[in-house]
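Here is a short briefing on one protein model.

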Amino acid sequence: MADDQELLQLENLCKELYETTNAGVRSEAEKALVSFANSPDCLAKCQMLLERGSSPYAQLLAATTLTKLVCRANITLPLEQRVEIRNYVLNYLATRPKLQQFVSQALVQLFARITKFGWFDVSKDEYIFRNVVTDVGKFIQSGSTQHVMVGVQLLSQLVCEMNQVSESEASRSLTKHRKIASSFRDTQLFEIFQLACSLLRSAAGNMKGLDFADSDQHGLLLHTLQLGHNCLTFDFIGTSTDESSDDLCTVQIPTSWRTAFLDVSTLELFFDLYSGLPPSLSATALSCLVQIASVRRSLFNNAERAKFLNHLVLGVRSILENPRGLSDPNNYHEFCRLLARLKSNYQLGELVKVDQYSDVIKLIAEFTVTSLRMWQFAPNSVHYLLGLWQRMVASVPYVKATEPHLLETYTPEVTKAYISSRLESVHSVIREGAEDPLEDHGMISQQLEQLSTIGRCEYEKTCALLVRLFDESAQRYQELVNTGRQSVDVAIEEGRLTWLVYIIGAVIGGRVSFASTDEHDAMDGELVCRVLRLMNLTDSRLSQGGSEKLDLAILSFFEQFRKIYVGDQVQKTSKVYRRLSEVLGLSDESMVLSVFIGKIITNLKFWGRSEQIINKTLQLLSDLSVGYSSVRKLVKLEAVQFLLNSHTSEHFPFLGITNSGSAISDMRCRTTFYTSLGRLLLVDLGEDEEKFYQFMMPLTAAFENVGNLLSLADSAIKVEEAKRALIGLARDLRGITFAFNTKTSYMMLFDWIYPTYTPVLQRAVELWCHDPAVTTPILKLMAELAQNRSQRLQFDVSSPNGILLFREISKMISSYGSRILTVGDIPKEQLYPMKLKGISVCFAMLKAALCGNYVNFGVFHLYGDTALDNVLGMFVKLLLSIPQSDLLDYPKLSQNYYGLLECLAQDHMTFMSSLEPQVFLYILSTISEGLVALDTMVCTGCCATLDNIITFLFRCLTSKKKKSGPHRMVNNEAFLRILEVHPEILQQMLSTVLNIIMFEDCRNQWSMSRPLLGLILLNEDYFNKLRENIISSQPAEKQETMAQCFQNLMEAIERSLLTKNRDRFTQNLSVFRRDVNDSLKIPSSSPSSSQSSLDMMSYG
């Protein structure tokens, strides 16, 4: 009775969780169900829910809870219990074929998860979870459509599960996952793929007898196609490729699968399925063909590859000749992907040799032209078609085949279709309110990059078309502008010109030096002249308001023109300059640069309200300020001198800080602006202090104003104004500080800011410590001041500036830290911006100061200065306020923390050794976590940190045994005692490092080897025990080899950490790793040994 009542209660909670619209009720139900999942008798209750529950939600809860129980990282269910759950699930699915789809999916997921996690489990010398095909085969052989569908779902989900890295695996080692996936690939995957093909062949042979309206038959076919697709998309070699780059992917089919692909019937099967199935199914068949078309080239010899490609192209041709199914967007998209794979996986020299190539390339060109003209239909698929033509055109110089490729005939048609269709789209966008492709900057830049190569094929035709279309549009635009009316027609012409300017920029950017002629450069000159003339016209109208999109296109054009024709590597005799001289009177690079700067200044004056234009304009200025020769020509221009002398909001409204209507984030571009100005100023600055102070006048005035506002901050308006002024100033100064990378210029800046203005920054952090919009820019400025960039912080021997700078850094970190620690509970989503980001910048600042090599830290203790102790103490407090999981969850925080820790372990071990036991143990535990982090920088830094700690510890122990240095020993006694009381920490690290080196894909072997020797010497008994465990866990025939590997590892290694001894150990370790891997690759006759070769984290 009590069970029935509990069952009813659980069912009601499930209903509340999944059906109620009341957030409070749902939250309460969720809490109750979480406590249910954590209860000790959860397993029995789940079984009761499945057996007796009437609600599908209760069954879903049982299935998902069991999945969580099976996957718990720290607690593993007994083998017998897991086998029992697995068999129960299979039986449950077999006896209840009419389950709700979401319930059966949850149970299928549970089966897959339990099978993967127990893949290497052995009972009575048998891999207990591996008889998958046999067990699931019973469903498929039953003949019932629903049972067959469940069987296919079970296999499909299992393939997915084996291929998928779970969260727990992703945050730890991937090795276990890869070993399971590799074993599954080698023992089961091909059989499952053949089974899927067999089922699909049966369906293809009985196509006329199938009723696609029947949900069971349709579902079975869909799941079977999905099973085939899952097999073909399996990560065969563990590359874990990013799905977004799938168009470059090669499918690394194992050699044992050769027969399936040499047999043309596999390829033909999927083409037949595509032609016979309805659109709801045929897209998956095409998706399988995309993978089959991408099988690695080395699977075939040349003759086999030619035959395979021939059949593939034949199938493509048949689809192009009967394109009825391509009206479905999913089919169309997959077919575009299939076409792209023809060139990403095969060479143009191979394609031209296929049967009836001339007909096929003509059909592909017609299909591409039609697709481009239908610009609103499946716009995300166009990328694949342009990618195909881009790769084919790029391959032309390398084709050795005698057969004609015909690209010179068809590529201009593709170019023309792209250009004309984009121009035609403008009319629909403006008159009919269609979605504007120009709004999608990511897609535009991708397509233009592809067009830059395509348009260069038969470049004369591309240029002639662009010149004709540009002249027509520009003339109409000029006439409309002269009438003075702001009509729809003006907007249409601006839209057409926007596309043409983008395209002209792209084709100029596609210039390849070895393939370009003087005639091509002269054509580029024609195009450039037209854009510059248009720019003069649009700029003259900016006071009446301009077109943001057109100006963005002009900036894109300038960026491409700069890359190709401006800079140190460009021939100044280029025909482009000759044409510019004839038409616009721009006879050399300096005059062209003056056009660039003129446009930059115009944009900064008139487009202050457009964040996009300001950002792109400042990026262009930044790019120009980097080149060695161009920056020297720039500073001679009057316009640049105007920039250096008049960088105020009066001339450039985007610098205005009193405009409270604009977002504070808009100010980020100021740093880029001042970095560029700093570089330009630096060219001729030398030791001219007067010039420097002249440049800094607007900032000096701004600082004085902020100082006054802070002292009189008596109203909300004044406070807001002071905040904005300060944020702007901090960003400006950070840009200048970054650019001033010489000793002389840095000293001028330091003398200007200290001690006059640093108190203002300190005061601001005290006032607004809880507002990251203020504190982050200030902290980043201080971090930049602390950076010894290009060795600029080389103070004279009589100068105290290094210590004064460090005091300011110490004061800033201590002041900010003490206040940020008082912040109460912060919501999880606000934790990083509100707290962790500032702490991360403080860590970066402290690291820069400690590693900058401009302060002798010994003098602080000598003269009783507490600056060093204060900042190190604050570091500890800040560290302890961060949950350990967050240290690795946030990449920037992680890198800054571990970088600082490495610096402390290298130069400040006396501080580290004097820490409270719980603090030092916490730091060691973060190092232990960092050793297995996926970020190689973090992992390498942890190795270096651990090496420094181990070396220090080893020296302490050595000097203790020698009874030398009594004073030193008193300080280190507590440090040694911590590690005596907690030896398991270093032992765990020894086990971790050895595990990574022996069994994982160790990407930083040298770094790992450095702390390992010290760990072994400090834990010799534990190491011997670990070694014996590893050897004894190997199969009998491998034990002697493994013992020899360990013996060779310690060959000629002394009990010291001298460099010579370390280097010898590193060399031994390299050989040891190779020998261990060779030993593990040899197949073993005993199943029970395979688990031991996975890892050894449980030893010792």
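**Helices, contacts and backbone**

Helix α4 (residues 56–71) has 16 residues and spans 23 Å from first to last C-alpha, close to the 22 Å expected at 1.5 Å a residue. That expected span is 1.5 Å times one less than the number of residues. Helices here are DSSP runs (H or I, at least four residues), numbered from the N terminus. The model is predicted: local features need pLDDT of at least 70, side-chain atom pairs count only at pLDDT 80 or more, and totals for chains, interfaces and linings use all residues. Residues are numbered from 1 along each chain as its sequence is written, and side-chain values use heavy atoms, leaving out hydrogens and water.

**Burial of helices**

- In α4, 12 of the 16 residues are buried, so the rest of the structure largely encloses this helix.
- Buried means under 20% relative accessible area, exposed means over 50%, and partly exposed is in between (1.4 Å probe, protein chains only).
- The buried residues of α4 include Leu60, Leu61, Leu66, Leu69, Val70 and Cys71.
- Helix α19 (residues 382–395) has 14 residues that should span 20 Å at 1.5 Å a residue, and its end C-alpha atoms are 20 Å apart, which agrees.
- α19 is mostly covered, with 13 of its 14 residues buried.

**Packing of α3 with α5**

- Helix α3 (residues 42–52) and helix α5 (residues 79–95) pack at about 10 degrees, their axes 13 Å apart.
- Axes are lines fitted to C-alpha atoms, for helices over the stretch in contact, and angles run from 0 to 180 degrees between N-to-C directions.
- α3 and α5 are therefore roughly parallel (angles under 35 degrees; over 145 is roughly antiparallel, 65 to 115 roughly perpendicular, the rest oblique).
- Leu43, Gln47, Leu50 and Glu51 in α3 meet Gln81, Ile85, Tyr88 and Tyr92 in α5, where contact means heavy atoms within 4.5 Å.
- The residues of this contact divide into five nonpolar, two polar and one charged.
- Ala, Val, Leu, Ile, Met, Phe, Trp, Tyr, Cys and Pro count as nonpolar, Asp, Glu, Lys and Arg as charged, and the others, Gly among them, as polar.

**Phe860**

- Phe860 lies in helix α39 (residues 858–862).
- Phe860 is buried, with a relative accessible area of 1%.
- Not counting residues up to four places away in sequence, Phe860 touches Ile803, Phe806, Val855, Asp865, Ala867 and Leu868.
- Phe860 and Ile803 are 57 residues apart in sequence, yet 9.0 Å apart in space, C-alpha to C-alpha.

**Cysteines**

- The count comes to one disulfide, defined as a pair of cysteine sulfur atoms within 2.5 Å.
- Cys851 and Cys903 form a disulfide, with their sulfur atoms 2.5 Å apart.
- The pair links distant parts of the chain, 52 residues apart: Cys851 is in helix α38 (residues 828–851) and Cys903 in helix α42 (residues 891–907).
- Cys851 is partly exposed at 40% relative accessible area, whereas Cys903 is buried at 3%.
- The sulfur of Cys463 is 12 Å from the closest cysteine sulfur, in Cys529, which is too far for a bond.
- Cys463 is buried at 5% relative accessibility.

**Backbone exceptions**

- Most residues other than glycine have a negative phi, and most peptide bonds are trans.
- Tyr754 and Pro755 are joined by a cis peptide bond, with omega about 0 degrees.
- Pro755 sits in the loop between α34 (743–753) and α35 (758–767).
- Gln356, not a glycine, has a positive phi of about 55 degrees and is partly exposed at 44% relative accessible area.

Note on methods. Helices (H or I, at least four residues) and strands (E, at least two) are DSSP runs, numbered from the N terminus.
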